[in-house]
Amino acid sequence: MRIDEEDSRNKRERTITKSRFTARGSLPEEERRSGQILSTVGNFISTFVTTLIVLVAVIFVVIRLLGWSLYSVDSYSMTPTYPINSLVIVQPVDAEAIQVGDVITFVIDEEGTMVTHRVTSISSLNRTFTTKGDANDEEDASPVLWDNVVGRVFIGIPALGGLLRILTAEENRAAVIAVIVGLLFVSIAWDVVSQCRKKREEKKQPRPAGKHLAPEETEPRKKRGNRK
């Protein structure tokens with residue numbers, strides 16, 4: 001009789017254990033799906049923002065290490081080659097290496113005003129360039145001294161010049177830094193929350209069968225004696 005009572009008690013324990021794991025893993029399917037969609041979208045945005053910030057930072061660092069400069073096109077004089085608000089990347093070169101047809105960036109006054117125009121002729125004797133905007137009818141009035149040349153345009157990217165002006169403006173510096181730091185903080189916080197939520201979901205899921213067996217299934221069953 002004692003052996004039969006032990007078998008009955010073990011069966012009840014297995015039934016109770018099974019019902020507990022079933023209850024813990026029975027989240028509403030609709031709620032689970034919405035959580036997965038939200039998590040996927042949030043992870044994508046977080047990864048995109050972090051990658052974008054890192055990529056832009058790396059590009060700026062590489063450009064600075066190469067000694068190149070970034071400028072925005074603020075007039076229509078180089079249209080259509082470089083439309084207004086284009087971003088031009090200027091690489092430093094020796095004046096002797098500049099040829100007719102190259103687009104150069106140079107200083108035109110003591111205030112440091114920059115102009116980006118195309119070279120139309122070169123005077124090695126006077127060490128000057130004659131320049132002209134692609135959209136202008138006439139050449140620039142004053143020749144450009146070789147010493148005033150900043151560099152030659154390596155590439156121009158439309159529409160990014162306006163963004164560069166906003167990011168580099170002195171009055172916007174504090175706001176730009178605050179936005180970048182805020183985006184990084186939100187991205188990191190989302191990753192932490194996602195990991196915590198994932199761990200909670202894993203705990204709610206039923207564990208694989210075989211890891212919660214009753215004692216009689218994990219230990220060799222004792223041989224029953226003959227009843228008298």
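A polar contact is a pair of N or O atoms within 3.5 Å; within protein, one of the two must be able to donate a hydrogen and the other to accept it. Keep that in mind as you work through this predicted model.

**Exercise 1.** Find where Asp102 sits, decide whether Asp102 is buried or exposed, and look for a polar partner of its side chain.

*Solution.*
- Step 1: Asp102 lies in the loop between β2 (87-91) and β3 (103-107).
- Step 2: Buried means under 20% relative accessible area. Asp102 has 17% relative accessibility, so Asp102 counts as buried.
- Step 3: The side chains of Asp102 and Arg152 are joined by a polar contact of 3.2 Å.
- Step 4: Leaving out residues up to four places away in sequence, Asp102 touches Ala97, His117, Arg118, Val119 and Arg152.

**Exercise 2.** Work out how β2 is enclosed, and which strands pair with β2.

*Solution.*
- Step 1: In a regular strand, side chains alternate between the two faces of the sheet.
- Step 2: On one side of β2 you find Leu87, Ile89 and Gln91, and on the other Val88 and Val90; all are buried.
- Step 3: Because 5 of the 5 residues of β2 are buried, β2 is largely enclosed by the rest of the structure.
- Step 4: β2 pairs in the antiparallel sense with β1 (residues 69-72) over 4 bridges, and with β7 (residues 149-157) over 5 bridges, also antiparallel.
- Step 5: Now look at Ile89: its bridge partner is Leu70, and Ile89 also stands opposite Ile155 in β7.

**Exercise 3.** Decide how the buried residues of α3 are arranged around the helix axis.

*Solution.*
- Step 1: Gly161, Gly162 and Leu164 are buried in α3 (residues 160-168).
- Step 2: Seen down the axis, the buried residues of α3 fall within an arc of 160°, so they line one face of the helix.

Note on methods
Residues numbered from 1 in each chain as written. Predicted model: local features only at pLDDT ≥ 70, side-chain atom pairs only at ≥ 80, totals over all residues. Heavy atoms only, no water. Helix = DSSP H or I, 4+ residues; strand = E, 2+ residues; numbered from the N terminus. Buried < 20%, exposed > 50% of the residue type's maximum accessible area, 1.4 Å probe, protein only. Contact = heavy atoms within 4.5 Å. Arc of directions from axis to C-beta. Pairing = 2+ DSSP bridges.
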